[in-house]
Amino acid sequence: MTDATFESLGLSAELAGACRKAGFSVPTPIQVQAIPPLLQGQDLLGLAPTGSGKTAAYALPLLQRLVAGRQHAFRRVRVLVLVPTRELAAQIGEAFRQLGEPLHRPLKVAVLFGGVSVNPQMMNLRGGADVVVATPGRLLDLMERNALRLDTVEALVLDEADRLLDLGFAEERDRVLGALPARRQNLLFSATFPPGVQALADALLHDAARVEATAEERAEPAIAQRTIAVDAPRRTELLRHLVQQAGWRSVLVFVATRHATEHVARKLSDRGVGAAALHGEMSQGGRTAVLRDFKSGALEVLVTTDLAARGIDIPGLQVVVNYDLPRSADDYVHRIGRTGRAGASGVAVSFVSAATEPHFRLIEKRHGMRVEREQVAGFEPVAMPEAAAGTGGVKGKRPSKKDKLRAAEAAAGLRPPRPPGPASSTGD
Ligand code: ADP
Ligand code: MG
């Protein structure tokens, strides 16, 4: 860790004040590394763990450059942030507004995403905007309606860059890139960066700084990772048992399909758990409402798909449950990274059955870890090869953090608290 302050990184007193107001006392490692080169206008690839403050790492220097830049009679879009989901667009737009709020020169932030009426977004773009945060589809729609132009963009950010660079976004992404001026600052941020997207990244970036803040540099404890061996048909019952027995307050549950989100949420609410589903076929109003209710604590459990795996910041989220396992080892990182953010502790529980055991093994192998398969009394699997409780195994790579992890686990009710010892704060 360094003794950097927001001012020592080159940020104005106004922006440093905005950080304090947001509750940021010191910059995180990715902020320390990324802010100075970004203030210089450099291209940058920023890799840092989930929940480590990547949004402010780019929002702060870009806001400073916006304020310092020439003022035009009409607002032009000077910063464009592309994100893969609507919820993330709303969240990042809010972060720009919050951090930019105390600036002497008021900046306008427009958030553009699909699933809601296009007219208010068009109206909002009259008179221009300084910062646009958008999902690619709605952005293209608005460009076609001549509601905005991108030929004045000075800085492009791809947040969750590897996702935006993967095949699913290829066509939309390339159309957006084609509308941008060739000379611009390019910023890519993510917690994961598979080798397959490197070539595309190289094509986007020019003389880029590559900054990497590893998990080891984080001041906060990592996420306590657990697995529970359970037969697939009993997962919902086990989930309810865990939520009710352990008194979990804020639980994000990942399942494989939209149908399963509704099914599991309904089963839980039938049994007295405050649960709801969040998936991509719901109306955007419904999506926004359940996320709001979950963040406010009105809902204890949100059952979702990989729609909510990336970027979403839910302060106070205690537990992530992989009811169905994620497809890839990178998806695992993003899913469990919805907890344990910004210095908080968190717990991630994956349900593993005999059928999914080999898949979880692969995830473990990719991350060089081995998580003990636990069993819960009354939910012991009928057939679970090699997965009896207490097979031991290497538990994480940072034994010095064991006590903190245990404390987090105990707080989440997964195992009885240890007798008082050093570093046993639950960080709550
Ligand atoms: P990432 O994009 O790396 O996953 P976010 O940018 O969403 O992380 O930030 C995670 C949380 O950390 C947010 O709630 C954010 O407000 C908070 N945060 C950001 N920077 C700091 C900081 N310097 N100190 C404390 N909290 C911070
Ligand atoms: Mg992020």
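# A tour of the predicted model

Start by selecting T305. Setting aside neighbours within four places in sequence, T305 is in contact with F254, V255, T257, R258, T261, L278 and H279. This is a predicted model, so treat each stop as a feature of a prediction. T305 sits in the loop between β11 and β12. Is T305 buried or exposed? Its relative accessible area is 12%, and because buried means under 20%, T305 counts as buried.

**The whole chain**

Now zoom out and colour by secondary structure. The protein chain holds 15 helices and 14 strands. Of its 428 residues, 54% count as buried. Take the contacts between residues at least 6 apart in sequence: 73% of these join residues at least 24 apart.

Select residues 235-246, which form helix α10, and residues 258-270, which form helix α11. The axes of α10 and α11 come within 10 Å and cross at roughly 50°. α10 and α11 are therefore oblique to each other. The crossing of α10 past α11 is right-handed.

Which residues meet where α10 and α11 touch? Show the side chains of T236, L239 and R240 in α10, then those of V264, K267 and L268 in α11; these are the residues that meet. By class, this contact has 3 nonpolar, 1 polar and 2 charged residues. An α-helix has 3.6 residues a turn, so residues three or four places apart point the same way. With that in mind, look again at T236, L239 and R240 on the α10 side of the contact.

**Salt bridges**

Stay with α10 and select R235 together with D324. Their side chains meet in a salt bridge, with N to O at 2.7 Å. R235 is in helix α10 and D324 is in the loop between β12 (319-322) and α13 (329-336), so follow the chain from one to the other: the two are 89 residues apart. D324 is buried, with a relative accessible area of 17%. R235 is buried too, and its relative accessible area is 17%.

Next, select R327 and D306. These form a salt bridge in which the closest N and O atoms are 3.8 Å apart. R327 lies in the loop between β12 and α13, and D306 in the loop between β11 (301-304) and β12, so the pair ties together parts that are 21 residues apart in sequence. R327 is exposed, with a relative accessible area of 64%, whereas D306 is partly exposed at 24%.

Move on to R366 and D330, another salt bridge, with the closest N and O atoms 3.1 Å apart. R366 belongs to helix α14 (residues 357-366) and D330 to helix α13; the two are 36 residues apart. Which is buried and which is exposed, R366 or D330? R366 counts as exposed at 54% relative accessibility, and D330 counts as buried at 13%.

Then select E357, R361, E364, R370 and R373. Salt bridges link these residues in a network. How many salt bridges does a search of the whole structure find? It finds 29.

**A covered helix**

Select helix α6, residues 136-144. Buried in this helix are P136, R138, L139, L140, L142 and M143. What covers the buried residues of α6? The cover includes the strands β2 (79-82), β3 (109-112) and β4 (131-134). It also includes the helices α5 (118-125), α7 (161-165) and α8 (170-178). After α6 comes N146, which has a positive phi near 55°.

Select D207. D207 is not a glycine, yet its phi is positive, about 45°. D207 lies in the loop between α9 (198-204) and β7 (209-212). With a relative accessible area of 74%, D207 is exposed.

Finish at A342. The phi of A342 is near 50°, a positive value in a residue other than glycine. A342 is in the loop between α13 and β13 (346-352). A342 is exposed, with a relative accessible area of 70%.

Notes:
Residues numbered from 1 in each chain as written. Chains lettered and ligands numbered in written order. Predicted model: local features only at pLDDT ≥ 70, side-chain atom pairs only at ≥ 80, totals over all residues. Heavy atoms only, no water. Axes fitted to C-alpha atoms, helices over the stretch in contact; angles between N-to-C directions. Helix = DSSP H or I, 4+ residues; strand = E, 2+ residues; numbered from the N terminus. Parallel < 35°, antiparallel > 145°, perpendicular 65-115°, else oblique. Left-handed = near helix turned anticlockwise from the far one by under 90°. Contact = heavy atoms within 4.5 Å. Nonpolar A, V, L, I, M, F, W, Y, C, P; charged D, E, K, R; others polar. Salt bridge = Lys/Arg side-chain N within 4 Å of Asp/Glu carboxyl O. Buried < 20%, exposed > 50% of the residue type's maximum accessible area, 1.4 Å probe, protein only.
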